[in-house]
Amino acid sequence: MFMPMELVKAVTLCEVGPRDGLQNEKKLLSVEEKLELIEAVADAGFPVIEVGSFVHPKAVPQMANTDEVFRRLHRKEAVQYRALIANLKGVERAVACGCNKVKLNVSASKAHNIANLNRTPAETVSGFRTCVDAARAEGVEISGSISMAFGSPWDREIPLADVKEIVDAYIAAGVTELSLSDASGQAYPTQVYQICTEMARAYPQVTWWLHFHNTRGLGIANIMAGMQAGFTRFDSAFAGVGGCPFVPGAAGNVATEDVVHLCDEIGVATGVDLDGTMAVSRRLVQLLGHSTDSYLLRAGKSKDLILELPVKQHSRS
Ligand code: ZN
(Lines give C-alpha, C1' and ligand atoms only; values in the text may rest on other atoms or scores of the structure.)
Protein backbone atom coordinates (compact mmCIF):
# COMPACT_ATOMS: atom_id res chain seq x y z
CA MET A 1 0.00 0.00 0.00
CA PHE A 2 1.28 3.48 -0.83
CA MET A 3 1.51 5.95 2.05
CA PRO A 4 1.06 9.64 1.22
CA MET A 5 4.16 11.80 1.70
CA GLU A 6 4.12 13.51 5.09
CA LEU A 7 4.10 17.27 4.57
CA VAL A 8 3.28 20.43 6.45
CA LYS A 9 -0.18 21.89 5.68
CA ALA A 10 0.88 25.51 5.16
CA VAL A 11 4.03 27.56 4.78
CA THR A 12 5.00 31.22 5.21
CA LEU A 13 6.97 32.67 2.32
CA CYS A 14 9.17 35.74 2.46
CA GLU A 15 9.86 37.56 -0.80
CA VAL A 16 13.54 38.52 -0.51
CA GLY A 17 13.98 39.63 -4.14
CA PRO A 18 13.90 43.37 -3.38
CA ARG A 19 16.99 42.86 -1.18
CA ASP A 20 18.86 39.64 -1.98
CA GLY A 21 17.94 39.75 -5.66
CA LEU A 22 18.32 43.40 -6.56
CA GLN A 23 21.59 43.83 -4.64
CA ASN A 24 23.27 41.64 -7.24
CA GLU A 25 21.92 43.49 -10.27
CA LYS A 26 24.02 45.93 -12.29
CA LYS A 27 21.00 48.12 -12.96
CA LEU A 28 19.97 50.25 -9.99
CA LEU A 29 16.20 50.45 -9.62
CA SER A 30 14.62 53.77 -8.63
CA VAL A 31 12.52 54.24 -5.50
CA GLU A 32 9.38 54.34 -7.69
CA GLU A 33 10.28 51.08 -9.44
CA LYS A 34 10.99 49.35 -6.13
CA LEU A 35 7.72 50.64 -4.65
CA GLU A 36 5.78 49.33 -7.63
CA LEU A 37 7.34 45.86 -7.23
CA ILE A 38 7.07 45.67 -3.44
CA GLU A 39 3.45 46.85 -3.39
CA ALA A 40 2.58 44.30 -6.10
CA VAL A 41 4.27 41.58 -4.04
CA ALA A 42 2.13 42.58 -1.04
CA ASP A 43 -1.00 42.58 -3.26
CA ALA A 44 -0.13 39.03 -4.37
CA GLY A 45 -0.53 37.97 -0.75
CA PHE A 46 2.99 37.73 0.66
CA PRO A 47 2.96 37.87 4.45
CA VAL A 48 6.66 38.87 4.72
CA ILE A 49 8.79 40.99 2.37
CA GLU A 50 12.50 41.82 2.68
CA VAL A 51 12.46 45.37 1.35
CA GLY A 52 16.16 46.21 1.39
CA SER A 53 19.17 46.64 3.61
CA PHE A 54 20.65 49.38 5.76
CA VAL A 55 24.30 48.81 4.98
CA HIS A 56 26.96 51.21 3.72
CA PRO A 57 25.78 52.70 0.38
CA LYS A 58 29.32 52.38 -1.04
CA ALA A 59 29.35 48.66 -0.24
CA VAL A 60 25.93 47.98 -1.78
CA PRO A 61 24.83 50.94 -3.96
CA GLN A 62 21.69 49.04 -5.07
CA MET A 63 20.34 49.34 -1.51
CA ALA A 64 21.22 53.02 -0.93
CA ASN A 65 17.57 54.10 -1.37
CA THR A 66 16.14 51.62 1.17
CA ASP A 67 15.36 54.41 3.68
CA GLU A 68 13.32 56.33 1.11
CA VAL A 69 11.54 53.15 -0.03
CA PHE A 70 10.43 52.52 3.56
CA ARG A 71 9.30 56.14 3.98
CA ARG A 72 7.13 56.09 0.88
CA LEU A 73 5.84 52.52 1.06
CA HIS A 74 2.06 52.06 1.35
CA ARG A 75 2.09 49.33 3.95
CA LYS A 76 -0.50 46.66 4.47
CA GLU A 77 -1.44 45.85 8.04
CA ALA A 78 -1.03 42.11 7.56
CA VAL A 79 2.40 42.27 5.92
CA GLN A 80 5.71 42.28 7.72
CA TYR A 81 8.31 44.43 5.94
CA ARG A 82 11.86 43.64 7.01
CA ALA A 83 15.37 44.84 6.23
CA LEU A 84 18.86 43.44 6.58
CA ILE A 85 21.29 45.30 8.84
CA ALA A 86 24.95 44.84 9.72
CA ASN A 87 25.39 46.95 12.85
CA LEU A 88 23.94 49.57 15.20
CA LYS A 89 23.85 52.19 12.45
CA GLY A 90 21.42 49.86 10.66
CA VAL A 91 19.08 49.85 13.66
CA GLU A 92 19.20 53.66 13.77
CA ARG A 93 18.36 53.95 10.06
CA ALA A 94 15.52 51.43 10.46
CA VAL A 95 14.02 53.43 13.33
CA ALA A 96 14.38 56.72 11.42
CA CYS A 97 12.38 55.50 8.41
CA GLY A 98 9.79 53.45 10.28
CA CYS A 99 11.09 49.94 9.55
CA ASN A 100 10.06 47.75 12.47
CA LYS A 101 11.73 44.44 11.62
CA VAL A 102 15.44 43.91 11.02
CA LYS A 103 17.69 40.92 10.40
CA LEU A 104 21.35 40.47 11.26
CA ASN A 105 23.62 38.06 9.44
CA VAL A 106 26.77 36.14 10.17
CA SER A 107 28.66 33.67 7.99
CA ALA A 108 29.07 30.23 9.53
CA SER A 109 32.52 30.04 7.96
CA LYS A 110 35.19 30.40 10.67
CA ALA A 111 37.85 30.97 8.01
CA HIS A 112 35.84 33.80 6.42
CA ASN A 113 35.01 35.47 9.75
CA ILE A 114 38.55 35.29 11.07
CA ALA A 115 40.01 36.60 7.78
CA ASN A 116 37.54 39.53 7.63
CA LEU A 117 36.73 40.37 11.22
CA ASN A 118 39.43 38.57 13.20
CA ARG A 119 36.86 36.73 15.30
CA THR A 120 34.80 33.58 15.16
CA PRO A 121 31.17 33.68 13.95
CA ALA A 122 29.94 33.11 17.52
CA GLU A 123 32.06 36.03 18.75
CA THR A 124 30.60 38.21 15.97
CA VAL A 125 27.09 37.25 17.11
CA SER A 126 27.92 38.07 20.75
CA GLY A 127 28.83 41.55 19.48
CA PHE A 128 25.25 41.92 18.13
CA ARG A 129 23.94 42.38 21.69
CA THR A 130 24.07 46.20 21.39
CA CYS A 131 22.01 46.04 18.16
CA VAL A 132 19.47 43.74 19.80
CA ASP A 133 19.11 45.99 22.85
CA ALA A 134 18.83 49.14 20.72
CA ALA A 135 16.22 47.52 18.46
CA ARG A 136 14.16 46.23 21.39
CA ALA A 137 14.25 49.65 23.08
CA GLU A 138 12.71 51.14 19.92
CA GLY A 139 10.12 48.40 19.45
CA VAL A 140 11.90 46.98 16.40
CA GLU A 141 11.74 43.20 16.05
CA ILE A 142 15.10 41.58 15.39
CA SER A 143 15.99 38.27 13.82
CA GLY A 144 19.23 36.66 12.70
CA SER A 145 20.55 34.64 9.84
CA ILE A 146 23.44 32.24 9.44
CA SER A 147 24.79 32.20 5.91
CA MET A 148 26.95 29.30 4.66
CA ALA A 149 25.13 27.11 7.21
CA PHE A 150 25.16 24.14 4.80
CA GLY A 151 28.61 24.58 3.26
CA SER A 152 31.14 27.25 2.48
CA PRO A 153 33.63 27.89 -0.30
CA TRP A 154 36.32 28.66 2.28
CA ASP A 155 36.00 25.56 4.47
CA ARG A 156 35.94 21.88 3.59
CA GLU A 157 32.79 21.51 5.65
CA ILE A 158 30.80 23.42 8.25
CA PRO A 159 30.45 21.08 11.25
CA LEU A 160 26.94 21.12 12.74
CA ALA A 161 28.56 21.83 16.12
CA ASP A 162 29.88 25.12 14.70
CA VAL A 163 26.40 26.13 13.50
CA LYS A 164 25.00 25.25 16.93
CA GLU A 165 27.64 27.44 18.58
CA ILE A 166 26.33 30.34 16.47
CA VAL A 167 22.70 29.52 17.32
CA ASP A 168 23.65 29.44 21.03
CA ALA A 169 25.30 32.87 20.65
CA TYR A 170 22.19 34.30 18.95
CA ILE A 171 19.96 32.92 21.70
CA ALA A 172 22.31 34.35 24.36
CA ALA A 173 22.08 37.73 22.59
CA GLY A 174 18.28 37.51 22.75
CA VAL A 175 17.50 36.50 19.13
CA THR A 176 15.23 33.48 18.67
CA GLU A 177 14.03 33.93 15.08
CA LEU A 178 16.79 32.47 12.92
CA SER A 179 17.39 31.71 9.28
CA LEU A 180 19.67 28.98 7.97
CA SER A 181 21.01 30.18 4.65
CA ASP A 182 22.78 28.49 1.76
CA ALA A 183 24.26 31.49 -0.06
CA SER A 184 26.86 29.34 -1.81
CA GLY A 185 24.30 26.84 -3.13
CA GLN A 186 25.98 23.78 -1.59
CA ALA A 187 23.06 22.37 0.42
CA TYR A 188 21.51 19.07 -0.63
CA PRO A 189 18.19 17.52 0.46
CA THR A 190 19.31 14.70 2.78
CA GLN A 191 21.65 17.13 4.57
CA VAL A 192 18.89 19.75 4.84
CA TYR A 193 16.52 17.15 6.31
CA GLN A 194 19.12 15.99 8.81
CA ILE A 195 20.19 19.48 9.92
CA CYS A 196 16.61 20.79 10.15
CA THR A 197 15.43 17.77 12.13
CA GLU A 198 18.30 18.17 14.57
CA MET A 199 17.86 21.95 14.89
CA ALA A 200 14.12 21.61 15.57
CA ARG A 201 14.88 18.99 18.23
CA ALA A 202 17.72 20.93 19.87
CA TYR A 203 16.10 24.39 19.78
CA PRO A 204 12.32 24.20 20.15
CA GLN A 205 12.27 27.87 21.21
CA VAL A 206 13.61 29.04 17.83
CA THR A 207 11.40 30.20 14.95
CA TRP A 208 13.26 28.88 11.90
CA TRP A 209 13.54 30.17 8.34
CA LEU A 210 15.30 28.50 5.41
CA HIS A 211 17.00 30.42 2.59
CA PHE A 212 18.23 28.48 -0.42
CA HIS A 213 20.07 29.68 -3.49
CA ASN A 214 19.47 27.64 -6.62
CA THR A 215 23.08 27.60 -7.80
CA ARG A 216 23.10 23.89 -8.57
CA GLY A 217 19.38 23.39 -9.20
CA LEU A 218 18.67 21.95 -5.75
CA GLY A 219 16.66 24.85 -4.31
CA ILE A 220 13.21 23.29 -4.71
CA ALA A 221 14.44 19.86 -3.54
CA ASN A 222 15.96 21.51 -0.46
CA ILE A 223 12.69 23.30 0.30
CA MET A 224 10.85 19.95 0.06
CA ALA A 225 13.40 18.42 2.45
CA GLY A 226 12.87 21.34 4.86
CA MET A 227 9.09 20.83 4.69
CA GLN A 228 9.49 17.13 5.39
CA ALA A 229 11.49 18.07 8.50
CA GLY A 230 8.53 20.24 9.57
CA PHE A 231 9.98 23.64 8.67
CA THR A 232 7.39 26.12 7.43
CA ARG A 233 9.19 29.42 6.64
CA PHE A 234 11.06 29.89 3.38
CA ASP A 235 12.68 32.76 1.52
CA SER A 236 12.46 33.06 -2.26
CA ALA A 237 13.18 35.76 -4.83
CA PHE A 238 10.91 36.96 -7.63
CA ALA A 239 12.05 35.65 -11.03
CA GLY A 240 14.95 33.92 -9.24
CA VAL A 241 17.14 37.02 -9.29
CA GLY A 242 20.28 37.29 -7.20
CA GLY A 243 23.66 35.74 -6.63
CA CYS A 244 26.48 36.00 -4.15
CA PRO A 245 29.41 38.30 -4.91
CA PHE A 246 32.06 36.01 -3.37
CA VAL A 247 30.92 32.70 -4.81
CA PRO A 248 31.84 31.71 -8.38
CA GLY A 249 28.75 30.92 -10.46
CA ALA A 250 26.35 31.68 -7.63
CA ALA A 251 22.72 31.90 -8.71
CA GLY A 252 19.82 33.69 -7.06
CA ASN A 253 17.35 32.35 -4.57
CA VAL A 254 14.98 29.76 -5.85
CA ALA A 255 12.38 31.68 -7.91
CA THR A 256 9.31 32.67 -5.92
CA GLU A 257 6.87 31.61 -8.63
CA ASP A 258 8.53 28.18 -8.80
CA VAL A 259 8.05 27.75 -5.04
CA VAL A 260 4.42 28.95 -5.11
CA HIS A 261 3.75 26.61 -8.05
CA LEU A 262 5.30 23.70 -6.14
CA CYS A 263 3.12 24.45 -3.11
CA ASP A 264 -0.03 24.77 -5.24
CA GLU A 265 0.73 21.43 -6.92
CA ILE A 266 1.39 19.52 -3.67
CA GLY A 267 -1.46 21.12 -1.72
CA VAL A 268 0.56 23.18 0.75
CA ALA A 269 -1.14 26.53 1.46
CA THR A 270 0.88 29.74 0.95
CA GLY A 271 -1.82 32.42 0.87
CA VAL A 272 0.01 33.75 -2.20
CA ASP A 273 -1.58 34.17 -5.62
CA LEU A 274 0.57 32.51 -8.29
CA ASP A 275 -0.72 34.65 -11.17
CA GLY A 276 -0.02 37.81 -9.18
CA THR A 277 3.47 36.54 -8.37
CA MET A 278 4.20 35.72 -12.01
CA ALA A 279 3.00 39.17 -13.07
CA VAL A 280 5.44 40.82 -10.62
CA SER A 281 8.29 38.64 -11.87
CA ARG A 282 7.51 39.48 -15.51
CA ARG A 283 7.49 43.18 -14.66
CA LEU A 284 10.84 42.78 -12.88
CA VAL A 285 12.39 41.08 -15.90
CA GLN A 286 11.14 43.98 -18.02
CA LEU A 287 12.68 46.53 -15.63
CA LEU A 288 16.01 44.69 -15.49
CA GLY A 289 16.15 44.09 -19.23
CA HIS A 290 17.38 40.50 -19.06
CA SER A 291 15.92 37.05 -18.54
CA THR A 292 16.38 35.16 -15.26
CA ASP A 293 16.47 31.63 -13.83
CA SER A 294 12.74 31.01 -13.46
CA TYR A 295 11.14 27.79 -14.69
CA LEU A 296 7.62 29.20 -14.45
CA LEU A 297 8.39 32.32 -16.47
CA ARG A 298 9.84 30.09 -19.16
CA ALA A 299 7.32 27.24 -19.20
CA GLY A 300 4.16 28.55 -17.50
CA LYS A 301 2.03 26.64 -15.00
CA SER A 302 1.54 22.88 -15.42
CA LYS A 303 -2.22 23.36 -15.16
CA ASP A 304 -2.25 25.76 -18.11
CA LEU A 305 -0.59 23.23 -20.36
CA ILE A 306 -3.35 21.94 -22.60
CA LEU A 307 -2.15 21.46 -26.14
CA GLU A 308 -4.47 20.74 -29.05
CA LEU A 309 -3.61 17.44 -30.69
CA PRO A 310 -3.31 17.65 -34.44
CA VAL A 311 -6.35 16.03 -36.09
CA LYS A 312 -5.20 12.96 -38.01
CA GLN A 313 -6.70 12.21 -41.38
CA HIS A 314 -7.48 8.46 -41.44
CA SER A 315 -7.70 7.33 -44.98
CA ARG A 316 -8.32 3.67 -45.68
CA SER A 317 -7.77 3.40 -49.31
ZN1 ZN B 1 20.78 34.94 -0.14
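The following questions and answers concern a predicted model.

Local features in this predicted model need pLDDT of at least 70, and side-chain atom pairs count only at pLDDT 80 or more, whereas totals for chains, interfaces and linings use all residues. Residues are numbered from 1 along each chain as its sequence is written, and side-chain values use heavy atoms, with hydrogens and water left out.

Me: Which protein donors does the zinc ion have, and what spacing do they follow along the chain?
Reply: Donors are N, O and S atoms within 2.8 Å of the metal (3.2 Å for Na, K and Ca), and because water is not among the atoms, sites may look incomplete. On that basis the zinc ion has Asp 20 (OD), His 211 (NE2) and His 213 (NE2), which lie 1.9 to 2.1 Å from it. Along the chain, these donors follow the spacing D-x190-H-x1-H.

Me: How many residues apart in sequence are the parts that Asp 20 and His 213 tie together?
Reply: Helices (H or I, at least four residues) and strands (E, at least two) are DSSP runs, numbered from the N terminus. Asp 20 belongs to helix α1 (residues 17-21), while His 213 sits in the loop between β7 (207-212) and α10 (219-228), so the parts tied together by this pair are separated in sequence by 193 residues.

Me: Are Asp 20 and His 213 buried or exposed?
Reply: Buried means under 20% relative accessible area and exposed over 50%, with partly exposed in between (1.4 Å probe, protein chains only). Asp 20 has 4% relative accessibility, and His 213 has a relative accessible area of 3%. By these values Asp 20 is buried, and His 213 is likewise buried.

Me: Which elements are included in what covers the buried residues of α10?
Reply: Seven of the ten residues of α10 are buried, so this helix is mostly covered; among them are Asn 222, Ile 223 and Met 224. With contact meaning heavy atoms within 4.5 Å, the cover includes α9 (189-202), β7, β8 (233-236) and α11 (256-266).

Me: What is the orientation of α10 relative to α11?
Reply: Axes are lines fitted to C-alpha atoms, for helices over the stretch in contact, and angles run from 0 to 180 degrees between N-to-C directions. The axes of α10 and α11 come within 11 Å and cross at roughly 50°. Angles under 35 degrees count as roughly parallel, over 145 as roughly antiparallel, 65 to 115 as roughly perpendicular and the rest as oblique, so α10 is, relative to α11, oblique.

Me: Which residues of α8 and α9 make the contact between these helices?
Reply: Helix α8 (residues 160-172) packs against α9 at an angle of about 40°, with the axes 12 Å apart, and the two are therefore oblique to each other. From α8 the contact takes Leu 160, Val 163, Lys 164 and Val 167, and from α9 it takes Ile 195, Glu 198, Met 199, Arg 201 and Ala 202.
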